[in-house]
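Have the structure open beside you as you read.

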Amino acid sequence: MVSRVIPVHPFDLVLFGATGDLAQRKILPGLYHRFEVGQMPQDARIIGTARSDMDTDGFRQQVRDAIQKFASDFNKDVLDDFLTRVEYVPVDALGDAGWKDLSGALRDDVVRAFYLSVGPNLFPGIAKRLQEHGLATPDSRIVVEKPFGNDLASAKGLNAGLRACFEEHQIYRIDHYLGKETVQNLMALRFANSLFEPLWNATHIDHVQITVAETVGVEGRGAYYDQSGAMRDMIQNHLVQLLCLTAMEPPSKFSPNAVRDEKVKVIEALEPVSQSDIARGQYRADKGDDSYLDHVGNPDSATESFIALKAHIGNWRWAGVPFYLRTGKRLRARESEIAVFFRDPPHTIFPNVGPLRGNVLVIRLQPDEGITLRTTIKDPGPGGFRLSDVSLDMSFAEALGGDVRAQDAYERLVMDVIRGDQTLFMRGDEAEAAWAWVDPIIQGWEERGDRPSRYDQGSSGPEDALMLMHRDGRRWRQIGG
Ligand code: NAP
């Protein structure tokens, strides 16, 4: 199956933070791939900016190196061609230097987008300067990276700073999980098929498990991460977004605001989480590998590198159905999935086969994006009637043809910005609603001085996380199983 590529309109994309890690590792290689497949028109331009004093040739060399290192593949001639669309203008986001040059570099008759791949402390200042210099035209777009604040108050501050200069329909808040193919497929699965939706409720679903497990530690981001932790860095955005797409009502149409209206309703229906329904952990030292505390250089840190919690959505559809969320670093495997556990069959007609296990629909985000449905069948062959579980497995890589390169989330999201499609971006009220749910949980453990328990590197997290499930008579799916 070959995916159709529809070229976008000509654009000027101004990339703030163009010399930074995210720009070099994800955004610029993503743009290259879109150019390679013909989605970026010939007269599109990428204007990199940062404070570093460099000319366009110097930046092009940097971009060439980044693409050679980080793009999944590249063709030298196409890369040469792509680089002719790349320019560089040094700009100090908080000073005066460079803004006039940037203004002179922009065209009036093309889509104009500003991608802020810089720390969130710079968002309001850059927005203000774009406005002061007349660059924030009514049709232009501004893209901001995560984290969108570190609590409700700071998120409101960022929203106020951005909205002072741009309308909400111009603001694109990135959560790159929404750009993943499988996450969008979750919407297709639910709303383009009639099979699942009648079963998608508390009558038929026992519980849902959402797991985002990482094998990496805090790597070079120790200082940042220790101010944040798994709750702020992962639950508030990525896992809440996955929960929303799993739990939301069918929107009346597939339009940005219709979809986001339904997501906000889910977040607003999230009930407060009791502290006894939360397990937090920090990875301990292991065979010469340092502990979380060593990695962040803070022996007194009470920040969690792992969290598991049980959430409830207080609405008609989901009453009584727990959503278990779990994420952590230095775990057994790198794996992200949503697992929907259907209720056990109410009665078995098969004697002597033991209790029947219900169906489980697993939506795998990584690795190997795809969907699996656990079903029970008869063991083949004569010699009695025995049952066993098998998985109906749909790997997207196989289903879509082995030669289709997996698109990175950033590729899709940047093109959506140019197309003016906000469906896969968080709206301001959505980000605030998620913080309003998360804030009291964090305040609770800060006020009591709770400390995370320890877990082994390469494990599934701390013992308390297992107990959280066992208490409810359920089990986590095995990470890396
Ligand atoms: P980074 O490597 O520290 O890069 C920051 C960039 O901002 C550099 O290009 C820097 O260049 C520029 N910059 C800093 N201060 C500036 C100023 N006053 N004026 C103009 N440019 C300035 O950061 P990053 O890892 O790329 O992260 C960028 C954003 O993406 C952050 O919000 C981060 O939270 C988010 N994010 C990153 C990742 C990731 O994997 N890296 C993942 C998700 C989200 P100069 O020093 O030359 O000015």
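Which residues lie nearest the centre of the second largest pocket? They are Phe 341, Arg 357, Arg 374, Arg 475 and Trp 476, out of 30 residues that line this pocket. Before going further, please note that this is a predicted model, in which local features need pLDDT of at least 70 and side-chain atom pairs count only at pLDDT 80 or more, while totals for chains, interfaces and linings use all residues. Residues are numbered from 1 along each chain as its sequence is written, and side-chain values use heavy atoms, with hydrogens and water left out.

Back to the second largest pocket, which holds about 760 Å³ of space. Pockets and cavities are found on a 1 Å grid over the protein atoms alone: a cavity is a set of points where a 1.4 Å probe fits but cannot get out, a pocket is an open set with protein on both sides within 12 Å along at least five of seven lines, and lining residues have an atom within 4 Å of a point. Grid points are joined across faces, edges and corners, and a volume is the space filled by probe spheres set on the points. Two or more lining residues of this pocket come from each of strands S7 (205-213), S11 (335-342), S12 (360-366), S13 (370-378) and S14 (387-395) and from helix H15 (463-470). Helices (H or I, at least four residues) and strands (E, at least two) are DSSP runs, numbered from the N terminus. H15 gives the largest share of the lining, three residues. By class, the lining has 10 nonpolar, nine polar and 11 charged residues; here Ala, Val, Leu, Ile, Met, Phe, Trp, Tyr, Cys and Pro count as nonpolar, Asp, Glu, Lys and Arg as charged, and the others, Gly among them, as polar.

Around the largest cavity you will find Lys 146, Phe 148, Ile 174, Asp 175, Gln 236, Asn 237, His 238 and Met 426. Lys 146 is also joined to Pro 147 by a cis peptide bond, with omega about 0 degrees, and Pro 147 sits in the loop between strand S5 (141-144) and H6.

Axes are lines fitted to C-alpha atoms, for helices over the stretch in contact, and angles run from 0 to 180 degrees between N-to-C directions.

A second pair to look at is H7 (residues 181-191) and H9 (residues 229-247), whose axes come within 9 Å and cross at roughly 15 degrees. That makes H7 roughly parallel to H9. Val 183, Leu 186, Met 187 and Arg 190 of H7 meet Leu 242, Leu 245, Thr 246 and Ala 247 of H9.

Lys 287 has a positive phi of about 40 degrees although it is not a glycine.

Key: Parallel < 35°, antiparallel > 145°, perpendicular 65-115°, else oblique. Contact = heavy atoms within 4.5 Å.
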